[in-house]
Amino acid sequence: TDFDSFITGLPKAELHLHIEGSLEPELMFELAHRNGVTIPYGSVEEVRAAYDFSNLQDFLDIYYAGANVLRTRADFHDMAMAYFRRAARDGVIHAELMFDPQTHTDRGIPFEEVIEGLLSAMKQAETELGITSLLIMSFLRHLSEDAAFETLAMAELWLDRITAVGLDSSEVGHPPSKFARVFAAARAKGLRLTAHAGEEGPPDYVYQALDQLQVERIDHGNRALEDADLTARLAAEGMTLTVCPLSNLKLCVVDDLQHHPIDRMLGEGLKATINSDDPAYFGGYIADIYRAVMEARGLAREDLVKLARNSFTGSFLPREKADACL
Ligand code: ADE
Ligand code: ZN
C-alpha cells in the first residue's frame, strides 16, 4: 500500500537488535544440519509454535538454546547477512548490532569466530547493500561481574571494531549497579555505553543505568514512565530510548499493542526510537513494527518521521554522519 511504501521509503536506523535474535527457524535448521547439532524440534512450524512467551525469562531460555547451532564464523556471517538483507528491504540504512559473546564463549566457541563472522558480514552488507553498521558487545547480567571483565579482556584485540558495550539478559535481580566497575573500565577504553533498563525492572534500575553506569542510551525504558521525575529527567537530557513494541507485546510487558506507551513517550518529550529486539522470535522486522504501532496507536506520519529521525540522532554514528542521514 501507499502507507507501506511510505514506511519502507523512510530511511531508518535500527539501534536495538540482538543479532542472535535474528536467527530464523529455517536457518537454525540449516546450521544444525551443517554442524551436526541436534535441536529439540521436528520442523520449522514446531519451532515457531514454541515461541509463545509469558515473560522475559521464558523467552531467554529458548533464545539461548537456539544459539547452540551457531558454531563457526561462517554461521555468524550467514546469520548477520540474512538480517542485513531483510533489514535493507525495510529501509534500514544503518544498524547497531548487539551480540552476546558469553552465550558462545561459555560453550567453547572462540570469541574470534563470533566477531570475525559478524565483521565480515558487516563489510559485505556495506558494499552489497549500502547498510552501515557497528557492534555493541553486551554483557549477560545474570552472570558475574568477573565474567563481564573476562569478556572485556577477550575483546582486547578487537576494541577498535567494537563501538559500545551493552547489558542484557535477565533484568530483575541483576541491577545495573552490579556492573558499574566493568562499565567504567569499558568507558576508560573509549567504548560507548548502553544498557537494558526498565523492561521488566523498576524505575530505580533506569536511575542506576544513568548514574552508576553513565549510559548514553537506555534500551527499552518502558517502566521509567512510572516515575514522573525520571521521565522529566530523561526528556530534559535528551536520552534516547530504544523501544521495542513487538517485543513488549510478545514478552507481556504490555498486554496489547493498543496499550503501548510509544505515543505517550513522544508526548512526554522522550527521544524514543522503534526497534525489533529479536525479530526472529517476536514475529516482525522494523517496517512491520512501524506499521503495527501506527495502526494500534494511531500515530501520524509526522510521528513516524520523528521516530526515524530519532534513530539517527540517537545512534552511535559520529554527529556529522548521523546528521547527513536526516
Ligand atoms: N536478550 C535478547 N533480547 C533481550 C531483551 N529483550 N531483554 C533482555 N535481554 C535480551
Ligand atoms: Zn534487547
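Predicted model: local features only at pLDDT ≥ 70, side-chain atom pairs only at ≥ 80, totals over all residues.
## Basis of the model

Local features are given for pLDDT of at least 70 and side-chain atom pairs only at pLDDT 80 or more, while totals for chains, interfaces and linings use all residues. Residues are numbered from 1 along each chain as its sequence is written, with chains lettered from A and ligands numbered from 1 in the order in which they are written.

## The shell around ligand 1

Ligand 1 is surrounded by His18, Gly21, Leu56, Asp168, Ser169, His196, Glu199, Ser247, Asp277 and Asp278. A residue belongs to this shell if its C-beta atom, placed from the backbone, lies within 6 Å of the ligand. By class, the shell has 1 nonpolar, 5 polar and 4 charged residues. In this scheme Ala, Val, Leu, Ile, Met, Phe, Trp, Tyr, Cys and Pro count as nonpolar, Asp, Glu, Lys and Arg as charged, and the others, Gly among them, as polar.

Asp278 is found in the loop between strand E8 (271-274) and helix H14 (279-282). Helices (H or I, at least four residues) and strands (E, at least two) are DSSP runs, numbered from the N terminus. Asp278 counts as buried because it has 26 C-beta neighbours inside 10 Å. The cut-offs are 20 or more other C-beta atoms within 10 Å of a residue's own for buried, 12 or fewer for exposed, and in between for partly exposed, with C-beta atoms placed from the backbone. Leaving aside neighbours within four places in sequence, Asp278 is in contact with His18, Gly21, Tyr63 and Ser247; contact means that the C-beta atoms, placed from the backbone, lie within 7 Å.

The UniProt annotation "binding site", from an unreviewed entry, covers Asp278. UniProt positions are given in the numbering used here, feature names are shortened, and annotations may be inferred rather than shown by experiment.

Strand E4 (residues 164-168) is mostly covered, with 5 of its 5 residues buried. Ala164, Gly166 and Asp168 point one way from the strand, and Val165 and Leu167 point the other way. Asp168 is also part of the shell around ligand 1.

E4 runs parallel to strand E3 (residues 132-140), joined to it by 5 bridges; strands pair if DSSP finds at least two bridges between them. Met137 stands opposite Val165 in E4. From E3 the chain crosses through helix H8 (residues 145-154) to E4, in a right-handed β-α-β crossover. Right-handed means that, with the strands pointing away from the viewer, the path from the first strand over the helix to the second runs clockwise. E4 also pairs in the parallel sense with strand E5 (residues 192-197), over 2 bridges, and Ala164 stands opposite Arg192 in E5. E4, helix H9 (residues 180-188) and E5 make a right-handed β-α-β unit.

In helix H10 (residues 203-213), Tyr205, Val206, Gln208, Ala209, Leu210 and Leu213 are buried. Their cover includes H9, E5, strand E6 (217-220) and helix H11 (228-237). Just after H10, Gln214 takes a positive phi of about 65 degrees.

Gly198 is found in the loop between E5 and H10. Gly198 counts as buried because it has 28 C-beta neighbours inside 10 Å. Its contacts, not counting residues up to four places away in sequence, include Tyr205, Val206 and Ile218.

## Thr132

Thr132 lies in strand E3 and counts as partly exposed because it has 17 C-beta neighbours inside 10 Å. Not counting residues up to four places away in sequence, Thr132 touches His94 and Glu126.

Note on methods. Contact = placed C-beta atoms within 7 Å.
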